[in-house]
Amino acid sequence: MKTARPRRSRPPSRLPKCPTGIQGLDEITGGGLPRGRPTLVCGGAGCGKTLFAAEFLVRGVVQFNEPGVFMTFEETAVELRANVASLGFDLASLERQEKILIDHVHVERSEIHETGDYDLEGLFVRLNLAIDSIGAKRVVLDTLEALFAGLPNEAILRAELRRLFRWLKDKGVTAIITAERGREQLTRHGMEEYVSDCVILLDHRVNNQIATRHLRVVKYRGALHGTNEFPFLIGEKGISVLPITSLALNHKVPEGRIPTGIPRLDAMLGGRGFFRGSSILLTGTPGTGKTIVSANFAQAAGRRGERVLFVSFEESPDQLIRNMLSIGLRLEPLVRRGLLRFHSARPSLYGLEMHLATLFKEIATFRPHIVIVDPVTSLMEAGTDFEGKAMVTRLIDYLKAQQITSLFTSLTQGGHALQQSEASMSSLMDAWLLLQDFEGNGERNRVLYVLKARGMAHSNQIREFLISNRGIDLVDAYIGPSGVLTGSARAAQDSREQAEALTRQQEAGRRKQELQRHRASLERQIDGLKSEHEAGTDELRQIDEQVGVQTRLLSAERTELGRLRQADVPTVPVSRRIRQTKSAQHSP
Amino acid sequence: MKRSCPKPRTAGTLPQAEKFWELRLYVAGQTPKSLTALSNLRRICDDHLKGRYHIDVIDLLAEPQLSRGDQILAIPTLVRKLPQPVRKIIGDLSDTERVLVGLDLRPAVKPGGRP
């Protein structure tokens with residue numbers, strides 16, 4: 001960390017910083033709070049101001065060996081010790097070591113009568129004594145605003161507060177002053193007027209009935225800082241601020257492949273399954289077998305001796321084990337051997353940040369090879385879309401950094417907009433399997449296909465996904481002219497095809513016969529026509545013959561008549577005249 | 001202020017003034033405010049508690065650790081240790097009327113009139 005360097009090595013213009021040790025906060029503020037100056041931490045009730053301040057002190061002692069004074073105006077020392085003990089901070093032991101001093105200042109308005117001019121020198125004396133007695137470098141005042149309730153004269157109080165902050169600066173301690181969030185200004189009593197170096201706003205917001213904490217550095221004089229609102233959470237090890245932007249895309253990738261537990265699916269994924277350390281998305285409508293595929297994956301991993309963390313947001317571990325047993329998946333022995341661990345929680349149990357924190361903790365302690373989140377969508381519903389995606393991004397980045405293979409199932413609503421609804425998540429995923437169901441013929445059948453698989457040749461085929469009491473099997477789905485057929489329709493289609501083939505054969509035979517018959521009749525007609533034709537020819541010949549005989553007779557008759565009349569004009573040969581009349585008859 | 005606490009009532013109309021008064025004045029150095037407060041206190045006690053009071057002046061600059069015991073924030077602060085209950089009066093005690101009310105030497109004047 002930058003601030004780990006000694007102060008002297010920095011250029012003098014830089015503001016010296018005081019690392020808080022709070023996870024993530026030092027990244028946002030570029031090294032911590034301004035050293036030797038007061039910082040205002042404001043926020044509404046229950047947003048973690050006191051814990052924030054306490055952690056600042058405790059980490060100051062434990063990590064940076066800087067003793068601290070906790071001056072509390074609200075909680076007593078006993079209450080404070082108990083409250084921060086829940087974060088694993090042992091204040092009492094640090095007090096015994098004289099590293100931390102808790103001073104409870106009791107202010108009760110009903111006990112105080114104001115009778116003229118006064119100042120708060122008593123507080124100064126007290127604080128000074130506390131700081132000097134343990135050589136404190138850090139001071140927490142929680143919360144000075146209690147003074148506004150306790151002391152009636154606001155004019156004096158404001159003047160004294162101004163003096164107090166000046167005094168703290170002169171004293172050279174790094175101080176945190178907490179204040180209640182105001183309506184129109186950051187704090188109820190305008191404390192930001194006095195503390196101008198660094199202001200941090202804590203916020204506890206409820207979205208869809210689920211509360212998420214946010215932290216924002218409103219102001220940091222003289223330093224660059226992350227201006228975004230960062231989700232933070234209070235876990236069992238204190239506060240952790242989760243800056244999304246601080247995660248870089250430079251994780252190492254392992255080479256190996258891991259089988260999915262379903263041989264045919266491995267075959268679809270280039271024959272060897274998923275890449276180790278990749279993130280896999282398994283989307284499907286309700287009841288398509290997402291959990292079953294996940295459980296198969298888990299079982300296969302367990303049998304190889306790998307540890308699997310199964311995060312279930314729908315079923316309890318017992319229920320899962322029982323249900324998987326019904327299809328022949330025996331998860332219980334793996335649980336007993338410590339290879340499979342379940343983490344079941346309702347998504348609405350707490351906010352996304354808390355889910356993330358508990359997951360991180362589980363992962364850190366169990367150190368699994370594979371993490372299965374079933375389903376990630378119900379987790380995402382615990383926040384807004386944006387938060388959900390940010391959370392999944394962080395989770396994936398975290399897992400990738402640890403080289404853990406992750407399988408996320410995603411429940412999609414019915415319909416065919418699967419690709420669209422999951423597009424935002426898809427970009428985060430290395431492989432994406434889609435489970436879908438086809439409805440028809442009074443049954444529903446599941447199919448599976450690989451939508452994407454980065455870095456491997458993968459099948460483009462739809463496979464029918466069969467679940468029996470012997471487990472999962474993938475079979476080729478029927479793909480024909482009327483679409484994809486599965487289940488009994490696929491079987492029906494086979495017999496239908498046979499029947500159709502038979503029908504086609506019979507049909508062809510029938511048509512053949514018909515054609516033959518037709519041909520025969522045509523031939524008969526041709527014969528008839530032929531004989532008719534021949535008959536015509538005969539008749540023509542007869543006519544010609546008759547005409548010839550008649551002409552001959554006529555000319556003979558004429559010649560005879562002429563001869564009888566003794567005509568001297570030669571007559572037109574009869575044969576030519578006949579030919580002329582004949583052509584006139586034929587031409588019309 | 002409240003006079004309804006059980007002790008005075010059992011004592012009938014007997015005023016607090018019958019008892020011995022132990023007072024403590026917290027100051028921080030010899031500031032004008034501290035000196036004013038001390039002289040104001042002496043005057044009031046002489047007027048109302050003659051011979052039945054004792055004043056301890058505690059200088060927090062000299063004994064800062066004593067500030068925690070009586071929860072001292074403001075300077076000057078007058079603490080009535082006896083008679084019980086403990087009462088705290090802050091300021092330079094220049095408003096005599098309020099000091100008397102605060103010390104329970106005189107009933108509080110309500111805005112509507114006398115009780």
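**Contacts and local geometry in a predicted two-chain model**

The side chains of Glu55(A) and Arg59(A) form a salt bridge, 2.6 Å from N to O. The model is predicted.

Biologist: How far apart in helix α2 of chain A are Glu55(A) and Arg59(A)?

Modeller: Their side chains meet in a salt bridge at 2.6 Å, N to O. Helix α2 of chain A covers residues 49-64 and holds both residues. Their separation is about one turn of the helix, that is, four residues.

Biologist: How many salt bridges lie between chain B and chain A?

Modeller: Over all chains, the search of the whole structure gives 25 salt bridges. One that joins the two chains pairs the side chains of Lys33(B) and Asp119(A), at 3.3 Å from N to O. This distance is within the 4 Å cut-off. Between chain B and chain A the count is two.

Biologist: What is the area buried between chain B and chain A?

Modeller: The contact involves 27 residues of chain B and 25 residues of chain A. Carbon and sulfur atoms give 58% of the buried area. The total is about 2,200 Å².

Biologist: Which residues of chain B lose the most area to chain A?

Modeller: The area buried between the chains is about 2,200 Å². On the side of chain B, three residues together account for 32% of what that side buries. They are Arg68(B), Leu73(B) and Ile90(B).

Biologist: Which element gives the largest share of the side of chain B that touches chain A?

Modeller: Between the chains there are 15 residue pairs in polar contact. On the side of chain B, the elements that give two or more residues are α3 (66-69), β4 (87-90) and α4 (96-102). The largest share is four residues, and the element that gives it is β4(B).

Biologist: Which residue of β4(B) stands opposite His113(A)?

Modeller: Strand β6 of chain A, residues 112-114, is joined to β4(B) by three bridges. The two strands run parallel. Opposite His113(A) stands Ile89(B).

Biologist: Do β22(A) and β23(A) run parallel or antiparallel?

Modeller: A hairpin through two residues joins β22(A) to β23(A). Six bridges link these strands, and Arg463(A) stands opposite Asp476(A) in β23(A). The strands run antiparallel.

Biologist: Which residue in β22(A) is the bridge partner of Val447(A)?

Modeller: Strand β21 of chain A (residues 443-453) is joined to β22 (residues 463-468) of chain A by three bridges. These strands run antiparallel. The partner of Val447(A) in β22(A) is Glu464(A).

Biologist: Why is the pair of Phe124(A) and Trp167(A) edge-to-face?

Modeller: The rule finds four aromatic pairs over all chains. The ring centres of Phe124(A) and Trp167(A) are 5.6 Å apart. Phe124(A) in helix α5 and Trp167(A) in helix α7 of chain A are 43 residues apart, so the pair links distant parts of the chain. Planes over 60 degrees apart count as edge-to-face, and here the angle between the planes is 70°.

Biologist: What is omega for the cis peptide bond that joins Asp142(A) and Thr143(A)?

Modeller: Thr143(A) is placed in the loop between β7 (138-142) and α6 (146-150) of chain A. The bond that joins Asp142(A) to Thr143(A) is cis. Its omega is about -20°.

Biologist: Where is Pro76(B) found?

Modeller: The peptide bond from Ile75(B) to Pro76(B) is cis, and omega is near -5°. Pro76(B) is found in chain B, in the loop between α3 and β3 (77-82).

Conventions: Residues numbered from 1 in each chain as written. Chains lettered and ligands numbered in written order. Predicted model: local features only at pLDDT ≥ 70, side-chain atom pairs only at ≥ 80, totals over all residues. Heavy atoms only, no water. Contact = heavy atoms within 4.5 Å. Buried area = accessible area lost by both parts, 1.4 Å probe. Polar contact = N/O pair within 3.5 Å; in protein donor to acceptor, adjacent residues only side chain to side chain. Pairing = 2+ DSSP bridges. Phe/Tyr/Trp six-rings, centres within 6.5 Å; stacked < 30°, edge-to-face > 60°.
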